[in-house]
Amino acid sequence: MANMRTAMDAAFWDLNISTPRVLDGTARSIPGEPIPLDGTKASRALRIQQLSLLGNGFPLGIIPSFSPTNKELGSFALQSLLFKTATSNWWLAFTGQFRPKKLISDIKTDLSNVDEWELPVLKDIGKHFLEKSLYALGLPDHDITLEAAWPELYIDHKGRYWEVPESISLDCSSLVSENGLRYRFGLHKSSGHPRAVDNITDEPPHSLMQGICGKAALSYEKSKDFWRIKEKKEDVIIETDKGRIYNPSYDIRLREPHAAVSGIIGGTVEAWLKNGSNSSSDSRHRSPFGVDLFGSLCYTFQHGKFRKSFGDLTRVDARLDVSSASTLAKQVSKVFREVSADDARDVLSSPRLSLILQQQVAGPIVFRVDSKFLLNSPSGRAGVQLEDFVCSLNYSLKLLQSGKVVAWYSPKRKEGMIELRLFEF
């Protein structure tokens, strides 16, 4: 669905984007950049939680994934849950990842330098199976979270990856309230110089440069139905000659046909408490204090109750996002003053239009397309440009009420994966 709360979460450091590049299955979006597509957001279920359930439906519990071709690692990877233990209130698990090309290339290199087969040679080959990059450890998040990573992987609005040597964050997020108010605040520390993963020559995004930042955000969300067909008892309980049959929707969030408009408006305040370096390159054009506004407006139309086997779901979500009201205002003022646009500010200066199209294929299977359009050309002239695009097949798990298995592919990032998505309310 077009999630309004993404507008606030995109301003912080903990909005996870699905990617097969890391064992956790996620990379962070860069805070302050345009709001990512809903279809690219990672599930709130950790990758190790996903593998625990998905592994039951795949041979030997092995899940495939695909990412852009890497000369060293290759583009194909296999992931599996190696070990899990749990109690009533905590659990621990290890995830393994096998990259055939990397392992074969490493062993081939060792063998090419071997004159005679001896025990030390076999030990060296065995070490490749203990490579630390093959394994990962993860724990679940809470409303108050303390997270640290060495290094941390980020992805920008162009689908490019950046690696920060050290990232530590302490964040507090309010529960979703019935009146639509929500707030967040936290501290974040980055250390070291961000490194481009794919030989990118551009300068790293400002928000990833080293320093300590305190940030707070407040938002108000509201929704209004134009019409809605409420679910009735007779829709769920069907009377037959053999008795009553329980027939719920494949997904409880898609059970009511409706047309509605929703919106969110909010503001952020941030202060860089410490730059962490005296180098001017680490704080170029970065103000020590900032205040900004953001907002989103969404229209939703849904036909069907997603209960029948065919033709019972067609849904369209159209959302307009303004990530930075201050940057948009500056760009508009330049147009009226006939001043040339500053390309470095074009990232946030233009509104984005996101479209989500969903169509039932058969039973619980839904074909979904997420697309995002930039409502301004890089030169500042009026125009529409396709900025991002993701297509996916979703298999809804009726027993979980709103869980689903998703197989997605991003032509822009040239990567895709199979994942389990839960807890997306």
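Let me start with strand β11, which gives the most to a nonpolar patch on this structure, with 3 residues, where strands, like helices, are DSSP runs numbered from the N terminus (E, at least two residues, for strands; H or I, at least four, for helices). Before I go on, please keep in mind that this is a predicted model, in which local features need pLDDT of at least 70 and side-chain atom pairs count only at pLDDT 80 or more, while totals for chains, interfaces and linings use all residues. Residues are numbered from 1 along each chain as its sequence is written, and side-chain values use heavy atoms, with hydrogens and water left out.

The patch itself is formed on the surface by Leu181, Tyr183, Phe185, Leu218, Tyr220 and Ile265, which together have about 590 Å² of accessible area. Such areas come from the Shrake-Rupley method with a 1.4 Å probe, and for residues only the protein chains shown count as cover. A patch is made of residues with over 30% relative accessible area and no salt bridge, with nonpolar side chains (Val, Leu, Ile, Met, Phe, Trp, Tyr) joined within 5 Å and like charges within 9 Å. Both β11 (181–191) and β13 (211–228) supply at least two residues of the patch, while isoleucine 265 lies in strand β16, residues 258–274. Why is isoleucine 265 called exposed? Its relative accessible area is 53%, and exposed means over 50%, buried means under 20%, and partly exposed is in between (1.4 Å probe, protein chains only).

Now to the interior, where a nonpolar core is a set of buried Ala, Val, Leu, Ile, Met, Phe, Trp, Tyr and Cys residues joined through side-chain atoms within 4.5 Å. The largest such core has 12 residues, among them Met4, Phe12, Ile35, Ala217, Ile264 and Cys298. Within this core, α1 (6–9) and β17 (289–303) each supply at least two residues. There is also a second, separate core of 10 residues, including Trp13, Trp162, Val164 and Trp272. Alanine 11, a member of the largest core, touches Pro31, Gly32, Lys215 and Thr268, leaving aside residues up to four places away in sequence, a contact being heavy atoms within 4.5 Å.

Cysteine 298 is buried, with a relative accessible area of 2%, and cysteine 172, at 18% relative accessibility, counts as buried too. If a disulfide is taken as a pair of cysteine sulfur atoms within 2.5 Å, the count comes to 0 disulfides.

Let me turn to charges. Side chains of opposite charge can pair when their charged atoms come close. With a salt bridge defined as a side-chain nitrogen of Lys or Arg within 4 Å of a carboxyl oxygen of Asp or Glu, a search of the whole structure finds 21 salt bridges. In one of them, arginine 160 meets aspartate 156 at 2.9 Å, N to O; here arginine 160 is partly exposed at 21% relative accessibility, whereas aspartate 156 is buried at 6%. Aspartate 321 and arginine 319 are both buried, and the closest N and O atoms of their salt bridge are 3.0 Å apart. Arginine 421 pairs with glutamate 419, the closest N and O atoms being 2.8 Å apart, with arginine 421 buried at 5% relative accessibility and glutamate 419 buried at 1%. Elsewhere, salt bridges that share partners join Asp9, Asp171, Arg182 and Arg184 into one network.

Finally, the chain as a whole: there are 7 helices and 23 strands, and buried residues make up 46% of its 425 residues.
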